[in-house]
Structures are given as C-alpha cells and as structure tokens.
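Student: I would like to learn how to read a model of this kind, one feature at a time. Could you take me through the general idea of each feature and then the case at hand?

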Amino acid sequence: MALAYGLFRQAPPPELFEQSDKAMHLLAFFALTFSGCLALPSWSGVRFWSLFLLLGPVLEVAQHWFQPQRIFSLEDALANIAGTLLAGALWWLWCRGRAVAA
C-alpha cells in the first residue's frame with residue numbers, strides 16, 4: 001500500500017536529499033520484491049522474476065496514466081529494477097545460506 005501511495009499520489013514525495021526519490025524507489029521495490037519472495041514461494045523462478053522485473057517500469061508508466069501531472073522517469077524505472085535485483089541477490093544468498101546450514 002505504501003508503494004502504491006508513493007507512486008500514485010498527485011505530487012511526488014518531497015526530496016529529503018539530492019536523488020532521494022531514487023533511493024525511495026530502490027528501497028520500495030526491494031521491500032516489495034523480497035516480501036513477494038516470502039509470500040509466493042511456490043511461484044516458479046521465471047514467472048516470479050519476470051513479473052517483478054516488469055512491474056517497475058510498468059508502474060512508472062502507469063503513474064502518468066493515473067496522475068497526468070506526474071511524468072515517466074527512466075531513472076526511477078531503473079531504480080525500481082535495481083531494487084528488484086538487489087532483493088533477488090539477497091534472496092539467493094539467504095536461500096543458499098539455508099541450504100548450507102541444513
């Protein structure tokens with residue numbers, strides 16, 4: 001819900017520091033993807049990762065459809081993808097650590 005609020009509110013969230021919006025995009029998609037890994041463990045890898053990697057750019061485009069005063073930002077879309085990739089790397093390390101411990 002927090003991600004939807006941030007993406008689809010009328011005005012972008014205020015900048016806390018230079019490029020803080022990129023950091024917020026990265027953290028939001030990291031949290032979304034990692035929680036998706038926890039919530040959907042039965043989804044196949046290709047289906048899950050394809051969905052979450054596409055979700056970042058698609059939601060960036062969709063925000064302009066729902067809020068015409070907001071514009072598409074390639075940098076925001078890339079930060080979304082980076083957050084998903086970071087979650088994937090952490091998920092891989094976590095699963096690998098669990099397998100070694102077992």
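Student: Which residues of helix 3 are buried?

Tutor: A word on the source comes before the answer: this is a predicted model, in which local features need pLDDT of at least 70 and side-chain atom pairs count only at pLDDT 80 or more, while totals for chains, interfaces and linings use all residues. Residues are numbered from 1 along each chain as its sequence is written, and side-chain values use heavy atoms, with hydrogens and water left out. Buried means under 20% relative accessible area, exposed over 50%, and partly exposed in between, with a 1.4 Å probe and protein chains only. In helix 3, the buried residues are F48, F52, G56, L59, E60, A62 and Q63. They pack against helix 1 (2-8), helix 2 and helix 4.

Student: How many helices and strands are there in the protein chain?

Tutor: Helices (H or I, at least four residues) and strands (E, at least two) are DSSP runs, numbered from the N terminus. The protein chain has 4 helices and 0 strands, in the order α-α-α-α along the sequence. Of its 102 residues, 29% count as buried, and its C-alpha atoms fill a box of roughly 50 × 30 × 20 Å along the principal axes.

Student: Where does helix 3 have a kink?

Tutor: The bend at a residue is the angle between axes fitted to the seven residues ending there and the seven starting there. In helix 3, a kink of about 35° lies at L55, shortly before the proline P57. For the length of a helix, the expected span is 1.5 Å times one less than its number of residues. The 22 residues of helix 3 should therefore span 32 Å, and its end C-alpha atoms are 30 Å apart, which agrees.

Student: Which side chains does K22 meet in a salt bridge?

Tutor: Side chains of opposite charge can pair when their charged atoms come close. A salt bridge is counted when a side-chain nitrogen of Lys or Arg is within 4 Å of a carboxyl oxygen of Asp or Glu. The structure holds 2 salt bridges: K22 meets D21 at 2.7 Å, N to O, and K22 meets D76 at 2.9 Å, N to O. Through shared partners, D21, K22 and D76 are joined into one network.

Student: Which residues form the nonpolar patch on the surface?

Tutor: Patches are made of residues with over 30% relative accessible area and no salt bridge, where like charges are joined within 9 Å and nonpolar side chains (Val, Leu, Ile, Met, Phe, Trp, Tyr) within 5 Å. Here the nonpolar patch is formed by V61, W65, F66, F72, L74 and L78, with about 680 Å² of accessible area together. Helix 3 (45-66) and helix 4 (74-101) each supply at least two of its residues, and the largest share, 3 residues, comes from helix 3. F66 lies in helix 3 and counts as exposed because its relative accessible area is 58%.

Student: Where is Q19 found, and what is its phi?

Tutor: Q19 is found in the loop between helix 1 and helix 2. Although Q19 is not a glycine, it has a positive phi of about 65°, and at 42% relative accessibility it counts as partly exposed.

How values were computed
Accessible areas come from the Shrake-Rupley method with a 1.4 Å probe; for residues, only the protein chains shown count as cover. Contact means heavy atoms within 4.5 Å.
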